[in-house]
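I opened the model to look up a few side chains, the strand pairing and the nonpolar packing. My entries follow in the order in which I made them.

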Amino acid sequence: MTITTTGSTAEMIVVTTEEIAGRQIVATLGLVRGSTVRAKHVGSDIVASLRNLVGGEVREYAQLLAAAREQALDRMIEAARSAGADAVVGTRFETSQIAQNAAEVLAYGTAVRLE
């Protein structure tokens with residue numbers, strides 16, 4: 001997967017695998033990460049609570065987490081660029097609750113230079 005961050009023309013290859021097919025890793029630059037902490041909005045929380053009564057997808061929370069993942073990914077890519085990387089391998093996401101109404105989304109991987 002090739003990802004271009006918003007407002008940037010430079011592309012960064014970001015993969016969950018340890019290698020990139022057809023490319024040679026020539027330098028491992030180290031761990032890069034990006035995170036964000038998001039809190040639920042009281043209005044969205046009320047609508048989500050009503051959705052819980054009837055079941056189905058809770059779109060308000062799904063949208064919140066999708067935006068948080070994108071921001072964490074953008075921050076990880078920026079850290080990789082700052083390190084001089086061409087790609088990030090072994091990319092993973094983690095989510096943890098840090099308060100009753102707030103969660104952290106973390107994206108991390110290994111920044112590498114390609115031949």
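**Entry 1: Thr-36.** I listed the contacts of Thr-36, leaving out residues up to four places away in sequence, and found Ala-68, Gln-71, Ala-72, Arg-75, Ala-103, Glu-104 and Val-105. Contact here means heavy atoms within 4.5 Å. Thr-36 belongs to strand 3, residues 25–39. I took helices (H or I, at least four residues) and strands (E, at least two) as DSSP runs, numbered from the N terminus. Is Thr-36 buried or exposed? Thr-36 has a relative accessible area of 6% and is therefore buried. The cut-offs are under 20% relative accessible area for buried and over 50% for exposed, with partly exposed in between (1.4 Å probe, protein chains only). I also noted a polar contact of 2.8 Å between the side chains of Thr-36 and Gln-71. A polar contact is a pair of N or O atoms within 3.5 Å; within protein, one must be able to donate a hydrogen and the other to accept it, and residues adjacent in sequence count only if both atoms are side-chain atoms.

**Entry 2: Source of the values.** This is a predicted model, in which local features need pLDDT of at least 70 and side-chain atom pairs count only at pLDDT 80 or more, while totals for chains, interfaces and linings use all residues. Residues are numbered from 1 along each chain as its sequence is written, and side-chain values use heavy atoms, with hydrogens and water left out.

**Entry 3: The chain.** I counted two helices and five strands, in the order β-β-β-α-α-β-β from the N terminus. Of the 115 residues, 29% are buried. Taking contacts between residues at least 6 apart in sequence, I found that 71% join residues at least 24 apart.

**Entry 4: Strand pairing.** I counted two strands as paired if DSSP finds at least two bridges between them. Strand 3 pairs with strand 5 in the antiparallel sense over 13 bridges, and Val-32 has Gly-109 of strand 5 opposite. Strand 5 (residues 102–114) also pairs with strand 4, antiparallel, over 10 bridges. In that pairing I noted Val-89 opposite Thr-110 and Thr-95 with Val-105 as bridge partner. Two residues separate strand 4 from strand 5 in their hairpin. Strand 2 (residues 11–14) runs parallel to strand 4 (residues 87–99), joined by two bridges; Ile-13 has Ala-87 as bridge partner there.

**Entry 5: Nonpolar cores.** A nonpolar core is a set of buried Ala, Val, Leu, Ile, Met, Phe, Trp, Tyr and Cys residues joined through side-chain atoms within 4.5 Å. The largest has 14 residues, and Met-12, Val-14, Val-32, Met-76, Ile-77, Ala-80 and Val-88 have the most contacts inside it. Strand 2, helix 2 (59–82) and strand 5 each give two or more residues to this core. Helix 2 gives the most, six residues. Apart from this core I found another, of seven residues, including Ile-13, Val-15, Ile-20 and Val-112.

**Entry 6: Ile-98.** I then turned to Ile-98 in strand 4. Is Ile-98 buried or exposed? Its relative accessibility is 51%, so Ile-98 counts as exposed. Leaving out residues up to four places away in sequence, Ile-98 touches Val-37, Ala-103 and Glu-104. Ile-98 lies 59 residues from Ala-39 in sequence, and their C-alpha atoms are 9.8 Å apart.
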